[in-house]
Amino acid sequence: MGNANLLAILVAAAAGFLVGGLWYGPLFGKAWQHQIGLSDEDVKSGNMAKIFGLTFLFSILSAVFLGHLLAHFDTDFYRTMMISTGIAIGFVAPAIGTNYLFSRKSGKLFAIDAGYWIVFYAAMGLVFGLLGA
């Protein structure tokens, strides 16, 4: 892990997880549900402990690798934000877009999901920028 800041990694993971709760809850939850065809009953019937637990573990994994990457560069706040959001804009969003094109998903769903990842990585970048990678 090199010089990665463990506290920053945990706080960044929590920040990303919080973004997801807001994004797929009050901000875009109903629109997202409509786009993927889930009813309120479908959502309620899910194993929420498993879903939220694994989601948080994935947030930790993302934060670990972002923290590890940032620890290898002499970054200031601006560069940290450029790297973190650049990962989402340059790698994650195009991957989602490619999958959605072939699976015939809507542009609205793409905007919701890709937008989430951009804000997710920006939130983690903000934490690393403030606490240090």
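Helices in this report are DSSP runs of H or I with at least four residues, numbered from the N terminus. By that definition, Leu-7 belongs to helix α1. The structure is a predicted model, in which local features need pLDDT of at least 70 and side-chain atom pairs count only at pLDDT 80 or more, while totals for chains, interfaces and linings use all residues. Residues are numbered from 1 along each chain as its sequence is written, and side-chain values use heavy atoms, with hydrogens and water left out.

Leu-7 is part of a nonpolar surface patch, together with Val-11, Phe-77, Leu-126, Leu-130 and Leu-131, with about 550 Å² of accessible area together. The elements giving two or more residues to this patch are α1 and α6, and α6 has the largest share, three residues. Such patches take residues with over 30% relative accessible area and no salt bridge, with nonpolar side chains (Val, Leu, Ile, Met, Phe, Trp, Tyr) joined within 5 Å; accessible areas come from the Shrake-Rupley method with a 1.4 Å probe, and only the protein chains shown count as cover for residues.

Helix α6 has 25 residues and spans 36 Å from first to last C-alpha, close to the expected 36 Å at 1.5 Å a residue; the expected span is 1.5 Å times one less than the number of residues. Gly-132, with a positive phi near 90 degrees, follows α6.

The helices below each supply at least two residues to the lining of the largest pocket.

| Helix | Residues |
|---|---|
| α1 | 6-27 |
| α2 | 29-36 |
| α3 | 40-44 |
| α4 | 48-71 |
| α5 | 77-102 |
| α6 | 107-131 |

Helix α4 gives the most to this lining, seven residues.

The structure holds two salt bridges, each a side-chain nitrogen of Lys or Arg within 4 Å of a carboxyl oxygen of Asp or Glu. One of them joins the side chains of Asp-40 and Lys-30 at 2.7 Å, N to O. Because Asp-40 lies in helix α3 and Lys-30 in helix α2, the pair ties together parts that are ten residues apart in sequence.

Key. Patch = residues over 30% accessible without salt bridge, like charges linked within 9 Å, V, L, I, M, F, W, Y side chains within 5 Å.
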